[in-house]
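The following note sets out some points on the model for a colleague who has it open.

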Amino acid sequence: MSPKALTIAGSDSGGGAGIQVDLKTFFRFGVYGTSALTLVTAQNTLGVQEVHLLPPELVARQIASVMEDLGADAAKTGALGSAEIVEVVAHMVRKYRISSLVVDPVMVSTSGWPLLAPEAIEALKARLFPLAYLVTPNLPEAEVLLGGRIESEKDMEVTARELHTLGPRAVLLKGGHLARGEAVDLLFDGRTFYRFSTPRLETIHTHGTGCSLSAAITAGLALGKQLPEAVSAAKRFLQRALETAPGLGRGSGPINH
């Protein structure tokens, strides 16, 4: 039977992030992808022009439709938009006992457009983080979640431990925003740190990297991989996708899925 993964996220009309790249990434890993839309954007490589949130009831109905027929071996969340959508997603995760849940706490688009209301941040921490198998914040997102600044790998270790106290089984803290010669991500499972280092690439074509990484990890979990193995495979995929980005658009273009 084919492994299946569900993405609960927003739509990027430019195809560089959100639902579109989640499904591309699932396909790349041989996983059947399903989706529940939370919001719709008018978006391209130059930025986001408009965002429209879908009714929470419709988000819930999409998840129910998928889970009651197809099911999911793993699932991920991306841009959720509002506290009401966060609440309904958390309810559906509990209802359908989705255990392999990757929460990518998307707050702002690559171009700087907010994709999560400020009042939804506390709902995300209180309602969804405790249900997560893995959360995957980048450094700016982690700073918003906890406050303070992250300026070193040691700070990253402290932050990962603090994020773990919010309830997820594991934390992947993405360190690409640190100004240094390599990009280091730290995975913390409550006991052990795993360090993933890749060469830093000088490129503007980074649109959708966070979505793609979390989707690749979700695909790995759907395939039955252990978490460190799933993260390692996802990192290799992302590095190749960045190195071979097709250079589309006049702004921050998509990577090569």
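1. Helices (H or I, at least four residues) and strands (E, at least two) are taken here as DSSP runs, numbered from the N terminus. The model is a predicted one, in which local features need pLDDT of at least 70 and side-chain atom pairs count only at pLDDT 80 or more, while totals for chains, interfaces and linings use all residues. Residues are numbered from 1 along each chain as its sequence is written, and side-chain values use heavy atoms, with hydrogens and water left out.

2. Is Asp 185 buried or exposed? Asp 185 counts as buried because its relative accessibility is 3%, where buried means under 20% relative accessible area, exposed over 50% and partly exposed in between, with a 1.4 Å probe and protein chains only. The side chain of Asp 185 reaches the backbone nitrogen of Gly 175 at 3.0 Å; a polar contact, as the term is used here, is a pair of N or O atoms within 3.5 Å, of which, within protein, one must be able to donate a hydrogen and the other to accept it, and residues adjacent in sequence count only if both atoms are side-chain atoms. Not counting residues up to four places away in sequence, Asp 185 touches a set that includes Lys 174, Gly 176, Tyr 194, Arg 195, Leu 213 and Lys 235, contact meaning heavy atoms within 4.5 Å.

3. Asp 104 counts as buried because its relative accessibility is 2%. Its side chain is joined to that of Thr 136 by a polar contact of 3.3 Å, and the side chain of Ser 214 makes a polar contact of 3.4 Å with that of Asp 104. The C-alpha atoms of Asp 104 and Gly 78 are separated by 5.2 Å, although these residues are 26 residues apart along the chain. Leaving out residues up to four places away in sequence, Asp 104 also touches others, among them Lys 76, Glu 141, Lys 174 and Gly 210.

4. Which residues of the largest nonpolar core touch the most other members? Of its 48 residues, these are Ile 63, Leu 80, Val 89, Val 103, Leu 116, Leu 124 and Leu 128, a nonpolar core being a set of buried Ala, Val, Leu, Ile, Met, Phe, Trp, Tyr and Cys residues joined through side-chain atoms within 4.5 Å. Helix H3 (residues 83–95) gives the most to this core, with 8 residues. A second, separate core has 28 residues, including Phe 26, Leu 187, Leu 221 and Phe 237.

5. Phe 26 belongs to helix H1 (residues 18–28), in which Gly 18, Ile 19, Val 21, Asp 22 and Thr 25 are buried as well. The buried residues of H1 pack against strands S1 (4–12), S2 (32–44) and S4 (74–77), and against helices H7 (209–222) and H8 (227–243). Gly 30, with a positive phi near 75°, follows H1.

6. Ser 82, in the loop between S4 and H3, counts as buried because its relative accessibility is 10%. Leu 53, by contrast, lies in strand S3 (residues 47–53) and counts as partly exposed because its relative accessibility is 35%. Beyond its neighbours within four places in sequence, Leu 53 is in contact with Thr 38, Leu 39, Gly 81, Ser 82 and Ile 85.

7. The largest pocket is lined by 44 residues, of which Asn 138, His 177, Thr 206, Thr 209 and Gly 210 lie nearest its centre. At least two lining residues come from each of S1, S2, helix H5 (139–146), S8, strand S9 (193–199), H7 and H8. The lining of the largest cavity contains Asp 104, together with residues including Leu 80, Val 103, Leu 116 and Leu 124.

Key
1 Å grid on protein atoms, 1.4 Å probe; cavity = no way out; pocket = protein on both sides within 12 Å on 5 of 7 lines; lining within 4 Å.
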